[in-house]
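Student: Could we go through this model together? I would like to start with the packing and then turn to individual residues.

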Amino acid sequence: MSNSTENAMTIATPVGNSIPPNHTIYVNNLNGKIKKQQLRKSLYNLFVSYGRVVGIIAMKGVKMRGQAFIVFDDIQNSTAALRSLQGIMFYDKPMRLSYAKRDSDAIRHSKDQIAEKTAALAATSQPEPKQRKEKPRIPPPPTQPPPDRTVHEQHIAMMNSEEVNRAANAVAVAEAELQELPLRDRTRRIQSVIAAQTTLIGTAVPMMTEVQSNSTLFVTNLPNETTREALEELFHQYSGYLDVRLVPGREGIAFIDFDNEIGASSAKDALNGFQISTTNLISVSFAKK
């Protein structure tokens, strides 16, 4: 046997179990006289019956003459072809088949692409964790002592008493007379008006404010024609509203009673500066103790 034949046989000897199965089959001991294009076509027709053939590599160089690589898309197909076609006569020469020592570049590139696409798909398919929305903690409203109905009723009775009415009427009469006097005589009369007002403020009003807390509002700058019903319509919409108290003989002011400080504060914040008429912006504040 010539040296060339011995070398060909050496190359064609299957590589046992040291090479793991893969997609690519190494074929040698092919007839080197067959043209490359014809050889590839014949190899394709032979191997395609075992599965999809991705590629066939056959070169005519001196070192690669009589050799080829058949690349399948599936290892099971390449294994079936290797077992079935081992040693068959092909162009008057028995073929020698073994697994290639490494997969073809086409298969490796395809695997890399599949791995990248799989990783990308896995990343996009992962549902984003839902962020837990924390509910705002609303502090409980401060506890308020129940209103003292007895004190409130006593105060209403006091405000409607004959004594307070007389004092208020005296103040109103004094102020009216003051407006009628010439300027030179007003100074003397102012002293008497102040004294009358002091009597009203020092007796009736302090008696009233002594029983008030911060649940009572003091309203000023009301139009002279303001009625009790108009103020009730304005303030009753706020929580805890109890009553409207007008001061007899004193136009432009009023007291608004609530049964809790929260309702009174809400009404004060909302209505302080409210334009009750075209010329009047009312002032709302807590009544002084």
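Tutor: The discussion below covers cores, helices, aromatic pairs and one serine. Please note that this is a predicted model.

Student: Which residues touch the most other members in the largest nonpolar core?

Tutor: That core has 21 residues, and those touching the most other members are Val27, Leu30, Leu43, Phe47, Ile70, Met95 and Leu97. Two or more residues each come from strand 1 (24-28), helix 2 (36-47), strand 2 (53-58), strand 3 (68-72), helix 3 (75-85) and strand 6 (96-99).

Student: What does Met95 touch?

Tutor: Leaving aside residues up to four places away in sequence, Met95 touches Val27, Asn28, Leu30, Leu43, Leu46, Phe47, Leu85, Gln86, Gly87, Ile88 and Phe90.

Student: What span should helix 2 have at 1.5 Å a residue?

Tutor: Its twelve residues should span 16 Å, and the end C-alpha atoms are 16 Å apart, which agrees.

Student: Now helix 9. Which residues are buried there?

Tutor: In helix 9 (residues 261-271), the buried residues are Gly263, Ala264, Ala267 and Leu271. Viewed down the helix axis, they fall within an arc of 100 degrees, so they line one face of helix 9. Among the elements covering them are strand 7 (216-220), helix 8 (228-235), strand 9 (254-258) and strand 10 (283-286).

Student: What is found at the start of helix 9?

Tutor: A side-chain oxygen of Asn260 comes to within 3.1 Å of the backbone nitrogen of Ile262. Just after helix 9, Gly273 has a positive phi of about 90 degrees.

Student: Changing topic: how many aromatic pairs are there?

Tutor: The structure holds five aromatic pairs. In one of them, the ring centres of Phe90 and Tyr91 are 4.9 Å apart and the planes lie at 80 degrees, so this pair is edge-to-face. Phe90 counts as buried at 9% relative accessibility, whereas Tyr91 counts as partly exposed at 28%.

Student: Why is the pair of Phe218 and Phe255 tilted?

Tutor: The centres of the Phe218 and Phe255 rings are 5.0 Å apart, and their planes lie at 35 degrees, so the pair is tilted. It links distant parts of the chain, with Phe218 in strand 7 and Phe255 in strand 9, 37 residues apart.

Student: One last residue. Where is Ser78 found?

Tutor: Ser78 is found in helix 3, and it is buried, with a relative accessible area of 0%.

Student: What does the side chain of Ser78 reach?

Tutor: It reaches the backbone oxygen of Ile75 at 2.8 Å. Not counting residues up to four places away in sequence, Ser78 touches Asn22, His23, Ile25, Phe72 and Tyr99.

Key
Residues numbered from 1 in each chain as written. Predicted model: local features only at pLDDT ≥ 70, side-chain atom pairs only at ≥ 80, totals over all residues. Heavy atoms only, no water. Buried < 20%, exposed > 50% of the residue type's maximum accessible area, 1.4 Å probe, protein only. Helix = DSSP H or I, 4+ residues; strand = E, 2+ residues; numbered from the N terminus. Arc of directions from axis to C-beta. Contact = heavy atoms within 4.5 Å. Polar contact = N/O pair within 3.5 Å; in protein donor to acceptor, adjacent residues only side chain to side chain. Phe/Tyr/Trp six-rings, centres within 6.5 Å; stacked < 30°, edge-to-face > 60°. Core = buried A, V, L, I, M, F, W, Y, C linked by side-chain atoms within 4.5 Å. Expected span 1.5 Å × (residues − 1).
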